[in-house]
Amino acid sequence: TYRDSLVGFSLRPIWGIEYFINSNETAFHRWGGVEGFGYFSKNLGGWVSLRDNHENVLLTDASYFNQRLGSPIKGSVKGGVDYSETRGGIMYSWKWGGVGIIKDQLVWGNSYNGANIFSGRTPSFGQIKLELKPAKWFEFNYIHGWLVSDVIDSSRSYWDGDTYREVMHSKFVAANMFTFIPIKHLNISFGNSIVYSDIGIQAGYLVPILFYKSVDHTLNSTNNYAGQNAQMFFDISSRNIKHLHLFFTLFVDEFSIDRVSDPERHNFLGYKGGFRLSNWPLSDLSFIGEFTYTLPMTYQHRTSTTTFESNSYNMGHYMRDNSMDLYFALIYKPIRGLRIDLSYAYAVHGNNYVYGEYEPKDDMAPMLEDKTWQKNCIGIKAKYEFFNNAYVFAGVYINDVQGYDVDDLTSEDYLSMFTPEMYWGNTTTMNLGFNFGF
């Protein structure tokens with residue numbers, strides 16, 4: 001650590017290891033690196049984090065229904081897979097706002113078990129960030145991000161000697177969120193976003209306060225199939241009742257007024273609602289309940305270069321579309337640094353529809369008509385932070401994960417698609433580990 005009148009910074013190591021043990025398999029995840037943060041003047045600050053990871057069994061695939069952070073795999077090695085993640089940024093801040101260039105995860109939407117606007121599960125991506133709070137009753141957030149499409153642009157790919165260089169299509173996201181606080185502890189937020197590609201960086205999407213679907217209409221008014229992928233969202237959070245946090249989030253994907261009045265069609269929506277009751281009836285005790293319901297085709301898109309994804313990871317809810325997720329948790333903090341979680345989770349995924357294949361004419365896809373995958377999980381976990389950002393943890397999870405024979409695929413096909421093999425069927429998994437660093 002160093003500090004003087006102009007410059008201050010802190011550097012510290014990162015290291016940790018986590019084990020997963022059940023009757024199917026033994027897995028571990030090991031990570032290490034360095035992190036730092038500091039300031040360069042009264043208004044300019046930054047941070048950096050570099051973490052190298054190794055897993056002997058891949059637990060973080062983009063198709064899996066879990067909430068582990070996305071892993072940009074460098075390649076398979078003997079005994080597992082390696083990947084690294086670097087995050088950081090530089091922000092210029094003043095009394096009521098800040099602007100900067102960062103590379104980080106993006107989380108928008110109230111939740112305790114996976115947000116359904118931006119969940120933060122994708123690998124971090126570079127973005128311009130703007131945050132303003134000019135009045136007690138108003139906040140504003142905006143980002144413009146450079147995503148990873150994972151779609152090869154054959155026109156720009158080429159041979160260099162014996163090496164074929166694959167060049168990916170460029171892909172971007174712009175998003176804003178307006179938050180009004182009419183009374184203390186009541187936040188009402190709404191905003192919109194757009195994922196766009198193949199037209200370069202557009203000035204219209206760099207304007208923080210615009211409605212981006214309308215900008216898309218200007219750019220692509222004569223060709224619907226050349227259009228981009230727009231979303232809208234609404235979030236309300238209330239802490240007006242003592243001890244109780246209530247919230248509701250609505251995600252709207254490619255909204256169409258024509259679908260509202262047509263009983264044979266529907267808009268692509270994702271709902272989330274929940275509560276947290278804290279310090280009642282006992283101090284340091286919390287009870288959480290949360291429900292998520294996402295209609296078919298939500299988060300999907302007809303064009304592979306403009307999907308709501310980065311590095312092939314969905315940017316929204318971890319269960320994606322045509323799914324339901326129910327979560328309860330009891331959290332107790334008996335002493336400083338010790339947290340004990342008792343939780344129950346139920347998640348189900350319906351038919352695995354593909355946009356454009358199932359409903360080329362936008363007909364309504366039935367919600368959860370057939371189950372393809374289901375999970376029940378009861379877990380207890382304890383974490384003890386014995387030093388700032390240094391902690392040990394241990395837990396036991398009783399899982400029942402099943403696949404079903406649906407749509408010409410077998411139960412094992414769906415299990416392979418959505419779940420690491422060590423969690424198939426009925427398992428009791430022990431989880432323990434240690435972490436030093438943020």
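A residue is described here as buried when its relative accessible area is under 20%, as exposed when that area is over 50%, and as partly exposed in between, with a 1.4 Å probe and protein chains only. The structure is a predicted model, in which local features need pLDDT of at least 70 and side-chain atom pairs count only at pLDDT 80 or more, while totals for chains, interfaces and linings use all residues. Residues are numbered from 1 along each chain as its sequence is written, and side-chain values use heavy atoms, with hydrogens and water left out.

Lys103 counts as partly exposed, because its relative accessibility is 27%. Helices (H or I, at least four residues) and strands (E, at least two) are taken as DSSP runs numbered from the N terminus, and Lys103 is placed in strand β7, residues 97-104. With contact meaning heavy atoms within 4.5 Å, and residues up to four places away in sequence not counted, Lys103 touches Glu85, Thr86, Arg87, Gly88, Ser124, Phe125 and Gly126. Polar contacts are pairs of N or O atoms within 3.5 Å; within protein, one atom must be able to donate a hydrogen and the other to accept it, and residues adjacent in sequence count only if both atoms are side-chain atoms. The side chain of Lys103 makes such a contact with the side chain of Glu85, at 3.3 Å, and a polar atom of the Lys103 side chain lies 2.8 Å from the backbone oxygen of Thr86. The C-alpha atoms of Lys103 and Gln127, which are 24 residues apart along the chain, are separated by 6.1 Å.

The structure holds eleven salt bridges, each defined by a side-chain nitrogen of Lys or Arg within 4 Å of a carboxyl oxygen of Asp or Glu. In one of them the side chains of Arg12 and Glu35 meet at 2.8 Å, N to O; this pair links distant parts of the chain, with Arg12 in strand β2 (residues 8-21) and Glu35 in strand β3, 23 residues apart. Glu35 is buried, with a relative accessible area of 6%, whereas Arg12 counts as partly exposed at 25% relative accessibility. Not counting residues up to four places away in sequence, Glu35 also touches residues including Val48, Ser49, Gly437 and Phe438. A further salt bridge joins Asp153 and Arg156 at 3.0 Å, N to O, and Glu18, Glu55 and Arg68 are linked in a network of salt bridges.

Nonpolar cores were defined as sets of buried Ala, Val, Leu, Ile, Met, Phe, Trp, Tyr and Cys residues joined through side-chain atoms within 4.5 Å. The largest has 16 residues, and those with the most contacts inside it are Trp108, Phe118, Val173, Phe233, Phe308 and Met315. Strands β11 and β14 each supply at least two residues of this core, and β14 gives the most, with three residues. Apart from it lies another core, of 13 residues, among them Tyr142, Phe178, Val215 and Ala230.

In helix α1 (residues 212-219), the residues Tyr212, Lys213, Val215 and Asp216 are buried. Seen down the axis of α1, these residues fall within an arc of 155°, so they line one face of the helix, the arc being that of the directions from the helix axis to the C-beta atoms. Their cover includes β11 (138-152), β14 (168-180), β15 (186-197) and β16 (229-241).
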